[in-house]
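I opened this entry to keep track of what I looked up, one topic at a time.

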Amino acid sequence: LELEADLRVALDRGQLHLHYQPTVDLATSEVIGFEALARWQHPERGMIPPAEFIPIAEATGLIVPLGRWVLREACRKAVEWSARSGGRKVKMAVNVSVRQFDRADLVEVVAGILAESGLPADQLCLEMTESVLMTDTDDNLEQLLRLKALGVTLAIDDFGTGYSSLAYLRRFPVDTLKIDRSFVERLGALTDDTALADTIVQLGKSLGMATVAEGIEEFGQLAALREMGCQFAQGYYFSRPVPADEAGRLFLDGA
Ligand code: G
Ligand code: G
Ligand code: MN
Ligand code: NA
């Protein structure tokens, strides 16, 4: 309860900020964009991880203003870095909680922030977990179709860890599958994880969806995913999530 009150204050006083983790094209090793990740520097408790405060934000409804702030900030940065790079377009991925779909105005909020920031819609990717497809299905499907109509890209985060069936992939306008890092961890060895990661990459290919591998920490994992035909990757091997200034430099240097 105390954290909830503090989170409200943090949002008002600008104690939240974003870190950015690069997304790399596996074929060229070029940095093509970032995932924006919220950070909370608490004045007394220090850094509070999102795994702690995002669930509080979701339970209290604070995720709605917080999500708007994240989206606005991330879109601004994508515009700034794209302009400085002389035309290379930063792809910016933002996490959207299932709770944000409870609000009827989600699509208007996204459209408004794109207009206000000047970010072309095709440079924004919204990441959501399978829960968005599994709850309030008809209502969320309609919102996803309207988001698609704006021109934004839609990704399923932590793919393979949920309880949903594959049938929804046909029904929902999904562009990208993010392979959960639990499948990437033991890649390279002859484990079931290698078979599962490969299956997700092939599934993406056959459905015309891009695949992004999460949590790459070693060259062997990178090589295995490249071999499978996975297109994009993130992970500590390339970079941890970093503050905005450092991310801007990474993009400019990462061509
Ligand atoms: O940043 P970290 O790597 O610790 O992220 C932990 C979790 O918090 C991830 O599952 C991520 O999706 C989630 N998260 C981080 N930032 C945001 C955000 O802005 N919105 C939502 N909904 N989730 C976020
Ligand atoms: O659920 P989501 O994918 O949005 O969460 C991203 C989380 O994964 C962040 O907390 C980020 O810090 C973490 N992460 C990113 N790359 C790696 C990695 O290579 N190894 C590990 N262990 N965690 C990672
Ligand atoms: Mn994510
Ligand atoms: Na993930």
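Core first. I started from V94 and listed its contacts, leaving out residues up to four places away in sequence: V94 touches A36, V70, L71, A74, L124, L126 and E127. I then looked at the largest nonpolar core, which has 67 residues. V94 is among the members that touch the most others, along with M92, L126, I179, A197, L225 and A233. I checked which element gives the most to this core, and it is helix α3, residues 63–84, with seven residues.

Confidence next. This is a predicted model, and I noted the scores before going further. The protein chain has a mean pLDDT of 94, and 99% of its residues reach 70 or more. For the complex, the predictor gives an ipTM of 0.96 and a pTM of 0.96.

Ligand 1. I listed the residues around it as L37, A38, P49, P50, A51, I54, V70, N95, S97 and P241. The largest share, three residues, comes from α2. I sorted the shell around ligand 1 by class and got eight nonpolar, two polar and no charged residues. V70 is in this shell and also on the contact list of V94.

Ligand 2. I found 14 residues around ligand 2, and G215, E217, G235, Y236 and P241 come nearest. By class, the shell around ligand 2 has four nonpolar, five polar and five charged residues. P241 is listed around ligand 1 and is also one of the residues that come nearest to ligand 2.

I looked up D136 for its backbone: phi is near 45 degrees, a positive value in a residue other than glycine. D136 sits in the loop between α5 (131–134) and α6 (137–150). D136 counts as partly exposed because it has 15 C-beta neighbours inside 10 Å.

D158 also has a positive phi, near 50 degrees, and is not glycine. I placed D158 in strand β6, residues 153–159. With 17 other C-beta atoms within 10 Å, D158 is partly exposed.

D198 is in helix α9, residues 192–207. Is D198 buried, exposed or partly exposed? I counted 18 other C-beta atoms within 10 Å, so D198 is partly exposed; buried would need 20 or more. Last, I took a distance: D198 and K77 are 121 residues apart in sequence and 34 Å apart in space, C-alpha to C-alpha.

Technical notes
Residues numbered from 1 in each chain as written. Chains lettered and ligands numbered in written order. Predicted model: local features only at pLDDT ≥ 70, side-chain atom pairs only at ≥ 80, totals over all residues. Near = placed C-beta within 6 Å. Nonpolar A, V, L, I, M, F, W, Y, C, P; charged D, E, K, R; others polar. Core = buried A, V, L, I, M, F, W, Y, C linked by C-beta atoms within 7 Å. Buried ≥ 20, exposed ≤ 12 C-beta atoms within 10 Å, placed from the backbone. Helix = DSSP H or I, 4+ residues; strand = E, 2+ residues; numbered from the N terminus. Contact = placed C-beta atoms within 7 Å. pLDDT = per-residue confidence, 0-100.
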